[in-house]
Amino acid sequence: MMTARPHSKYRALWIAAIALAALPPAMHVLGLTVNTASMAVILAIATMGLNLSVGYTGLVSFGHGTWFGIGAYAAALIQKHWFGEQIALPILLSMVVVAVLSTFVGILILRRRGVYFSLLTLALAALTYTVAFRWSEVTGGEDGLGGLKRGSIGPINLDDALAFYVVVALIGIAVLYVLLRVVRSPFGHVLVAIRENQLRATFQGYPVERYKLAVFVLSAVVTGVAGALLGFQTYLVSAEGVSVPFSGELLAMVVIGGMHNILGPAVGALFFILFRELFSIWSPNWLLWFGLIFVGFVLYSPSGLVGIWATLSRRWWPLPEEAAAMSKRKIYEGLPLPAFLLPQGMQGTVLEVDGVSKHFGGIRAVSNASLTVGAGEIHALIGPNGAGKTTLFNLVSGLFPPDGGTVRLNGREIQGVPSHRICHRGLARSFQITNLFRGLSIYENLRLSLQAQRPMRFNAWRDIDSYPDVHAETAELIRFLGLEGIEEIEGGELSYGGQRLVDFGIALGSKPQVLLLDEPLAGLAAAERERVSNLIKSVAANIPVLIVEHDIDRVLGFSRRVTVMNQGEVLMAGAPDEVRADRRVQEIYTGTGTPPVTSHVLGEAAGSQVLRFERVNAFYGKSHILNDATLDVREGEIVALLGRNGAGKSTLLKTLAGLVPPASGIIEYDGRNIAGMPAPDIARMGIGYVPQGRGLFAGMTVAENLALGRLARKTDAAMAWSGARSRSLSTSRA
Amino acid sequence: MFLLEQVVNGLVLGGYYLLIALGLSLIFSVGGVVNLAHGAFYAFGAYASVEITKYLGFGPAVVLSPLAVALLGILFERFLLRRFYTADPILSLLVTFGLAMIAEQLIRILWGAAPLSATIPPSLKGSVIVGNFLFSRYRLLLLAVVAAVLACVWLLLHKTSFGRVVRAGIQRPDMVAALGIRLQPYMTAIVMLGVGMAAMGGAFFAPITIVHPAMGAEIITVAFVVVVIGGLGSFWGVVIAALLVGVVRGITIHFAPAAGEASIYVLMFLVLLFRPRGLLGERIEKFE
């Protein structure tokens, strides 16, 4: 179990306290006032609130000025109408107002993600600005609301600049403390998971929308407090605080300071204030320079000032070199499934899929498919590419609802239920394309899964270290998977095999009653393949497993039942031996009978060499896909590329077409090395590429599709087909 | 009757939004780049036309200023946007936001913070009476210009090989490359076209709006609202949305002048409530 010591846990708090004490004298030295110091702290509070949503959850808001402004207006109006001289109650009540409004707005705009979300927040800021500016009866319009009172606390009059600074600083420390608690809580860890991979978090059983709404409201309230403070600081609330440019400046402060650090935004706010105050003395165009600095940071240092500091300090005090190698791990063979993963009293049919269908536009992806998975069995789902296996997985696990049919888990219908609920009812899955939290450690990847199964997953206050049982379970799961010793390595740093294993572990960590594995062995090396299939076997002794796999021999070897799919339909189901003996299944895999060999290798005599691959290597991230691939194609030859899924066949073709750049090696075509050339140039040399799946342009007519292919060749010396010729060819094919 | 007049005024307003939103949507769809600096090109277009009008008159100004801004667009695409086609769209959002900030300050330095006024030649002043209605001559000209631009862009996208490549590139850039077509020059052309249209909007509408440094920032949010309402990647979606926004705003201003601006955003939130991808939007994975 890894716990942080209290002293390092709350280090940010100490740093902030010292900085806050030093700020007024430092401002004095620079010839600035205590008011400027208060201003910097207020902006720091606002940006720290904004960063909870931007940096931690990945919701980039261009409209937090809205909350800043609403907080300010609410506090001002509440003071004016109900509490003449009071300051504390107006601020508290304004927090309530912001919380209520941001809940409604959040429900609406959090329906969209990514860029759309950002644009909606931008529109929100524009809307609030026009309301603030135009609704003069309430907001004072252009003049704003003046005559606010700071009041006093006991004998201390807050009109004194230093006294007010102390109040602001104390609120700042309190906000930082709250944010630290939130960030270190189970809730805070889920926020980061959402930023890294929202889909995976959903399938781990987290109701992502609720987390996002909660963090949006919290972030808005914190920023709103800052707005209220600014109102009392200047005795005035105006529409400027809700303007779009101000929202942008807040975001700029976050980016310049550094969004992946809790104090980064505060550094950015201080930078902004100092820049404005000091630069504007000798140039009225300080915003121009600030804009340039902002763009510079986005382009060259996305982790901000804090990131620059971290890089520099790494240079002076280098960390011990750590090799991110799978070889460092300790593997214990033959461990039993950890006790906490054993499902309770399960018997009979666990999963029952009955007559499920799904259409995508005109394509019938799955039609009337049925299968059952019983307790203690490995059930294999096999079939050629495009048979609908993964779509069936998606329907069962709730990625999208089926058009018809029922899915029952332990007798309860789950079709149409959101995926995070399905996960809690006991169904977990892995993904065909590795799907994990790339920026988080292996340990954190798995811990998130186990945490999702406990009620404390919503706790936003207790420290993550105060749950020893979750940590103990995580350690046990890591040991079972054979990942001990490398648990601190980030998911994205792992080799492909390691990532597949973590993906499997994430599914297992959901304590499922039935486990869906989508090609867990694809792309694994032989030794790893053996080890992972042993793991699956030992899991399946207790948890029923539904597995999609193209390694037919192996999967028929260890499954109890097999369902074969073809073209969206279930072809047959039965014991492995029946499936092996079935003629229809054989036909799918090897064609009707054994065709007579009509071609043969022509050998050296065949004609000149057209294409040559020599020791070509290609990677997707850390995954080594092509390993010293070598190949010859001669004139007059048809060369077939065979191999199971994940063997690298498509990648080899994409490398040839220039769509995947090779890391090393030679691809010789027509006497030239074309390795690494851009795809259009390769195509112009005369290499055509027909992709797997549909490579055509939907929404354009057949003639337009064909015309596109002609276009590139027209300008070249290479063969140019007329429209009539390509049309006749396409019709004869159809 | 009165309402009908407001509808026509709304259409003029919608056409004005359309010139800016269409280019924005094209750059967005083809390059995957959210260009928050688009408003800046609109502002440059307006300022350039005011400047050129002083020396050469109105006619040359509305032609030369979009051309000049389109040339500026080449630099913009070559040296900045190009880095972001494959990057996280949020990055391009941040960078172009910073650029918009810089552009606004540049305008303040070059032309000052005070608003400028643009004039129209006397021959375009005055009104036309159609039946019971009184229409300003200049506004009718604007409608005609927008309609012409719209027709040209539609023909370009749907009837030329250039348009075929662009539409294919929106869907499957990798397959376009595998067909031997380099998308880069097309992207440069699309950015030129997009910012050129924005500048044209600035030049033509300068006389009936106020030319001031923040004009770009003001139009950009409205333009995005139009794109969001219409839906990404859809030509007609943007057209319908622009006109709808213009008309709704025109009618609201008639009944409650102060709520004119707000009505646009309320309309957007309403549309999103019922059609999360906009009126005619398609699902484009990288923007989700």
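## A buried isoleucine in a loop

Let's start with I674(A), which is found in the loop between strand β16 (672-673) and helix α26 (679-684) of chain A. Helices (H or I, at least four residues) and strands (E, at least two) are DSSP runs, numbered from the N terminus. This is a predicted model, in which local features need pLDDT of at least 70 and side-chain atom pairs count only at pLDDT 80 or more, while totals for chains, interfaces and linings use all residues. Residues are numbered from 1 along each chain as its sequence is written, and chains are lettered from A and ligands numbered from 1 in the order in which they are written.

I674(A) counts as buried because it has 20 C-beta neighbours inside 10 Å (buried takes 20 or more other C-beta atoms within 10 Å, with C-beta atoms placed from the backbone). Beyond its neighbours within four places in sequence, I674(A) is in contact (C-beta atoms within 7 Å) with I667(A), Y669(A), I682(A) and M685(A). The C-alpha atoms of I674(A) and L101(A) are 59 Å apart.

## An open sheet in chain A

Chain A also has an open sheet of four strands, ordered β4-β3-β6-β7 with antiparallel pairing (two strands pair if DSSP finds at least two bridges between them). β4 (363-374) and β7 (412-413) stand at the edges with a single partner strand each, so one side of each is left without a neighbour in the sheet.

Strand β3 (residues 349-360) is joined to β4(A) by eight bridges. On β3, F360(A) has I363(A) of β4(A) as its bridge partner.

Technical notes. A residue is buried if 20 or more other C-beta atoms lie within 10 Å of its own, exposed if 12 or fewer, and partly exposed in between; C-beta atoms are placed from the backbone. Two residues are in contact if their C-beta atoms, placed from the backbone, lie within 7 Å.
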